[in-house]
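Have your viewer open as you read.

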Amino acid sequence: MKALVYGGPGEKSWSEIPDPTIAAPRDAIIRVDAVTICGTDLHILGGDVPEVQSGRVLGHEAVGTVVAVGDGVGNLKEGDRVLASCISACGVCRYCREGAYGQCLGGGGWILGHLVDGVQAEYARIPFADLSTYKLPASVSDEAAVLLADILPTSYEVGVLNGQVRPGQTVVVVGAGPIGLAAIQGARLYSPTHIIAVDKAQSRLDAAKQFGADLTVLVDDDPLEVVRSVTGGLGADVVIEAVGTPATFELCTTLVRPGGRVANIGVHGKPATLHLEQLWIRNVTITTGLVDTRTTPTLLDMLVAGQLDTAHMVTHRFALDQILEAYDVFSRPAETGALKVVLTRS
């Protein structure tokens with residue numbers, strides 16, 4: 001089969017590799033029908049995730065059709081159409097029993113495209129398939145469903161829920177890429193008074209308005225002044241970091257009010273300065289996190305009910321064998337206007 005193979009920082013190829021096989025009783029093999037590229041994949045290619053070894057198949061977001069299951073899988077059969085979650089869960093370790101699947105001690109967590117071969121391929125092995133896939137109703141398209149593999153639960157859990165967004169609050173989202181836009185959409189569910197999007201690209205700020213931001217500001221146009229102007233000088237109740245750079249993290253800590261919360265979603269590859277000399281007296285809470293995907297069933301129900309609109313998220317579509325072109329487009333959003341790219345089997 002063909003797959004997107006990581007060759008070390010800055011190196012990738014669409015290469016012929018052996019087909020995946022059942023390696024453990026709880027494995028399933030899926031034919032990949034739709035897949036997308038994550039900002040985390042760009043961080044891997046940038047060398048920010050050194051655990052990813054050369055030769056690894058990338059990708060952790062897919063919709064597929066089951067073609068084989070191990071003896072230990074009881075709830076899937078050949079032909080089932082499933083969402084493959086970005087998080088795998090053994091289901092029996094301490095963290096899985098607490099619903100913290102991202103921290104699984106039994107061989108799960110974020111492993112696809114990280115510690116084991118991922119899903120940017122014609123076929124993929126899904127470990128712990130009984131707990132790491134979700135059967136999809138016919139009413140949900142592959143394109144809509146694939147956004148539930150990572151960005152929607154990540155933005156909701158690590159951004160909105162960790163940030164404890166509440167009605168009447170002011171929420172700032174720094175970074176209006178796919179994760180930031182999904183965080184804006186998730187924050188809207190809690191009726192904040194203001195949602196302010198901050199980005200360096202006007203095209204992404206325009207998209208942020210489509211997803212529910214009522215105010216937008218370019219990062220070079222004094223976001224602090226804009227936030228203070230609508231909060232009586234206090235600052236934001238919740239600031240969500242959705243980029244993953246030292247500068248954006250430090251910006252978030254300047255925008256939050258005393259007693260507020262900074263919820264970090266971004267994947268960081270470099271140290272960021274924590275200005276405790278300024279923050280210690282302001283009762284600021286900072287949260288970080290890897291998604292657990294415990295909210296995926298809820299988000300799927302909301303998608304079926306029409307309460308989540310993903311139609312504007314996908315800006316570019318490719319055939320699976322055009323994945324190198326798709327990476328090029330996705331990696332240059334300021335030039336291409338790319339938000340989320342989806343690749344489907346031709």
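## Annotation and model

UniProt positions are given here in the numbering used for this chain, with shortened feature names, and such annotations may be inferred rather than shown by experiment. With that in mind, the unreviewed UniProt entry carries the annotation "domain: Enoyl reductase (ER)" over residues 7–343. Over residues 7–343 the chain is 29% helix and 23% strand, with the end C-alpha atoms 21 Å apart. Helices (H or I, at least four residues) and strands (E, at least two) are DSSP runs, numbered from the N terminus.

This is a predicted model, in which local features need pLDDT of at least 70, side-chain atom pairs count only at pLDDT 80 or more, and totals for chains, interfaces and linings use all residues. Residues are numbered from 1 along each chain as its sequence is written, and side-chain values use heavy atoms, leaving out hydrogens and water.

## The nonpolar cores

A nonpolar core is a set of buried Ala, Val, Leu, Ile, Met, Phe, Trp, Tyr and Cys residues joined through side-chain atoms within 4.5 Å. Buried means under 20% relative accessible area, exposed over 50%, and partly exposed in between (1.4 Å probe, protein chains only). The largest core has 88 residues, and Ile 30, Leu 58 and Ile 184 are among those with the most contacts inside it. Helix α6 (residues 178–188) gives the most to this core, with six residues. Domain 1 (2–150 + 292–344) and domain 2 (154–288) each supply at least three residues; these bounds come from an automatic or database domain assignment.

Ile 184, leaving aside neighbours within four places in sequence, is in contact (heavy atoms within 4.5 Å) with residues including Val 173, Ile 195 and Phe 211. A second, separate core of 15 residues includes Val 217, Leu 251, Leu 255 and Val 262.

Counting a disulfide as a pair of cysteine sulfur atoms within 2.5 Å, a search of the whole structure finds zero. For Cys 86, the nearest cysteine sulfur is that of Cys 38, 7.9 Å away. Cys 86 is buried, at 2% relative accessible area. Cys 104 is in no disulfide either, with the sulfur of Cys 90 at 3.6 Å, and Cys 104 is buried at 10%.

## A buried threonine

Where does Thr 293 sit? The loop between β13 (285–287) and α11 (296–304) holds Thr 293, which counts as buried at 3% relative accessibility. Leaving aside neighbours within four places in sequence, Thr 293 is in contact with Ser 85, Cys 86, Ile 87, Tyr 134, Pro 153 and Glu 157.
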